[in-house]
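This report describes selected structural features of a two-chain protein.

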Amino acid sequence: MAPNTPNTPSEGWVAALRRFIEPAPNIARCELCSLELMERHPHLIAIDDRRLLCACDACALLYSGDAQKFRRVPRDSARLDDFQMSDEHWAGLGIPVGIAFFFKSTRDQRVVAIYPGAAGAMESLLDLSTWGVLEEANPVLRAIEPDVEALLANHLDGARDYYRMPLDRCYALSGLIRSTWSGFTGGSEMREAVAQFFADAVPACDSVRRVAMPDAVEQHA
Amino acid sequence: MSRSDAAAETRIADLIGALEPLADTRLAPAKELVKAVLELHAQGLAALIAVLPAAVLETCLQSKEVALLLLLHGLHPHPTESRVRQALAGLRAELGTQGARVHFSELDDGLLSLRLEVTEQRNFSAPALRSEIEAAVLELAPEIGSIVIEGLPETGEVAFVPLANLRTSTKKNGAEHAEHSV
C-alpha cells in the first residue's frame with residue numbers, strides 16, 4: 001500500500017484517522033519570531049494599523065514601548081463601580097447597541113468607539129472633546145492606556161456596567177457577540193455568552209484571533 | 001480497482017482525505033461518533049487480547065485483517081519501533097541494488113526519523129526512493145504520523161559524490177557516473 005505520493009507529507013492511515021477524530025490543538029506562534037507559544041502569552045498592538053499580535057515574552061519586551069511600533073496589551077481588567085455616565089450622554093454618543101468599547105488611538109488622535117453586532121464590529125471616531133467631558137466626570141479614564149486598553153460599557157438590557165478592559169479581551173467579546181448573535185436584537189444565546197464573558201476570567205487567545213481580529217482590521221479600512 | 005474493492009485501509013485514508021478539507025463544524029458529532037465506536041471496539045478487543053495466550057495471538061496475526069484491526073486500535077503486540085525495523089529490513093535487498101541503505105534513527109511521538117546512507121554512487125530518483133521507503137514503513141506501522149529521511153534530498157536526483165571524486169567529477173547526471181565509484 002502506498003497512500004502517499006512523493007509530494008504529500010508521509011502519514012499512516014491510522015495516524016490520519018486519529019488526527020481526524022481528534023485534531024491536535026492549534027499551536028499559536030509568536031508573530032514576530034515564530035516561537036511556539038504557551039496558551040497564555042502576551043499580546044501586542046501595532047500602533048500603525050491597530051493589528052493585534054500574539055507574541056513571546058522576549059519579543060513582547062523587546063518590541064513594545066513608547067518609542068516602538070508595538071504596545072503591549074495589559075492583562076488586568078477592572079470593573080469601574082462608581083463610573084458616572086448619564087443616559088443622555090450615552091445617547092449622545094450615537095451607539096445603537098448595548099455594548100461598546102472606547103479607546104484612545106495614538107495614530108488617529110481620536111477616541112475610537114467600537115460596537116459589536118451581527119455584522120461584526122462597527123466603528124466610529126469620537127471627538128476628543130466628547131471624551132473630555134467623560135474624563136472630567138471620571139478621572140479614572142485618564143489612567144487608561146492609549147491603544148491597548150479600553151473603557152468597556154455594558155448597557156445591555158438595562159445594565160449600566162463599566163470596565164477598564166484590555167483591548168484583546170474587548171475584541172474577544174466582539175467576536176463572541178458576532179458568533180452568537182441571532183435575530184434582530186441578538187437573542188438569548190448572545191446574552192448568555194456575554195454574561196459568561198463578564199463572569200469569566202481571561203478568554204482564550206484562540207477566540208481573540210479567530211473571530212475578533214478580522215472585525216477590527218476590516219472596520220479600520 | 002473500483003473503490004469498493006480497495007483495501008479497507010486505503011478507503012479509510014481516501015475518505016479522511018475527502019472529509020478533512022470540508023472543515024465543517026457540523027462534522028464534530030460525526031467525529032465523536034467514530035471515536036465512540038472505535039473506543040468501544042478497542043476496549044472489547046483489549047479485554048480479548050488480555051486472556052489470549054501469546055502464541056495464539058501470534059497465530060492470529062498471520063491474518064492481515066487481524067493485524068490491521070489491532071493496528072487500527074493501537075493494540076498490535078509488536079511495538080512500533082520493531083515493526084519499523086522489520087520494514088526497513090524488508091527494504092534492504094531492494095535498496096541495496098540502488099546503492100542505498102536506510103537506518104532507523106529515532107521514533108518520537110509518531111514522528112519517525114530515518115537516515116539514508118548512499119553506499120554506491122547510482123543515479124536514482126529521490127521522490128521514488130522516498131515513496132518506496134514510506135510505503136514499506138507505513139504498511140507495517142500505519143500509526144506513524146510523519147517520516148523524516150535524513151540524507152535524502154527533497155527533490156530531484158540523489159547527487160552523491162564520493163570525496164575521492166570531488167576533483168574529477170563534473171557531470172551531475174548520467175549512468176556513466178558509476179565509473180567514479182570507489
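## Helix α6 of chain B

In this predicted model, the buried residues of α6(B) are covered by elements that include α5, β1 (100-108), β2 (111-118) and β3 of chain B. The buried residues in α6(B) are B:A126, B:L129, B:R130, B:S131, B:I133, B:E134, B:A135, B:A136, B:V137 and B:L138.

The N-terminal end of α6(B) is capped by B:S125, a side-chain oxygen of which lies 3.1 Å from the backbone nitrogen of B:A128. The length of α6(B) agrees with expectation, because 15 residues at 1.5 Å a residue should span 21 Å and the end C-alpha atoms are 22 Å apart.

## A buried salt bridge in chain B

B:R83 and B:E143 form a salt bridge through their side chains, with an N to O distance of 2.7 Å. The two residues are 60 residues apart and the pair links distant parts of the chain: B:R83 belongs to helix α5 (residues 80-97) of chain B, and B:E143 to the loop between α6 (126-140) and β3 (146-150) of chain B. Both partners, B:R83 and B:E143, are buried.

## The interface of chains A and B

Contact between the chains involves 17 residues of chain A and 29 residues of chain B. About 2300 Å² of area is buried between chain A and chain B, and carbon and sulfur atoms give 68% of that area. Two salt bridges are counted between chain A and chain B. The side chains of B:K35 and A:E22 meet in a salt bridge, at 3.3 Å from N to O. Seven residue pairs are in polar contact across the interface of chain A and chain B, with both residues at pLDDT 80 or more. The side of chain A that touches chain B comprises 10 nonpolar, three polar and four charged residues.

Helix α1 of chain A is mostly covered, with seven of its nine residues buried. These are A:W13, A:V14, A:A15, A:A16, A:L17, A:F20 and A:I21. The cover over the buried residues of α1(A) includes elements of chain B, namely α1 (8-19), α2 (27-51) and α4 (64-72).

## Salt bridges within chain A

Over all chains, the count of salt bridges comes to 22. One of them joins A:D87 to A:R160, with the closest N and O atoms 2.9 Å apart. A:D87 lies in helix α3 (residues 87-92) of chain A and A:R160 in the loop between β8 (149-154) and β9 (161-166) of chain A, so this pair ties together parts that are 73 residues apart in sequence. A:D87 is partly exposed, with a relative accessible area of 38%; A:R160 likewise counts as partly exposed, at 38% relative accessibility.

A:R107 and A:D108 also form a salt bridge, their closest N and O atoms being 3.0 Å apart. A:R107 is partly exposed at 34% relative accessibility, and A:D108 is partly exposed with a relative accessible area of 22%. A network of salt bridges links A:R50, A:R107, A:D108 and A:E123.

## Loop residues of chain A

Most residues other than glycine have a negative phi. A:S34, although not a glycine, has a positive phi of about 70°. A:S34 is placed in the loop between α1 (13-21) and β1 (43-46) of chain A, and counts as partly exposed at 45% relative accessibility. A:D157 is not a glycine either, yet has a positive phi of about 50°. A:D157 is located in the loop between β8 and β9 of chain A and is exposed, with a relative accessible area of 58%.

A:H41 is found in the loop between α1 and β1 of chain A. Is A:H41 buried or exposed? A:H41 counts as buried, because its relative accessibility is 10% and the cut-off for buried is under 20%. A polar atom of the A:H41 side chain lies 2.7 Å from the backbone oxygen of A:M38. The side chain of A:H41 also makes a polar contact, at 3.4 Å, with the side chain of A:H43.

How values were computed: Residues numbered from 1 in each chain as written. Chains lettered and ligands numbered in written order. Heavy atoms only, no water. Salt bridge = Lys/Arg side-chain N within 4 Å of Asp/Glu carboxyl O. Helix = DSSP H or I, 4+ residues; strand = E, 2+ residues; numbered from the N terminus. Buried < 20%, exposed > 50% of the residue type's maximum accessible area, 1.4 Å probe, protein only. Contact = heavy atoms within 4.5 Å. Buried area = accessible area lost by both parts, 1.4 Å probe. Polar contact = N/O pair within 3.5 Å; in protein donor to acceptor, adjacent residues only side chain to side chain. Nonpolar A, V, L, I, M, F, W, Y, C, P; charged D, E, K, R; others polar. Expected span 1.5 Å × (residues − 1).
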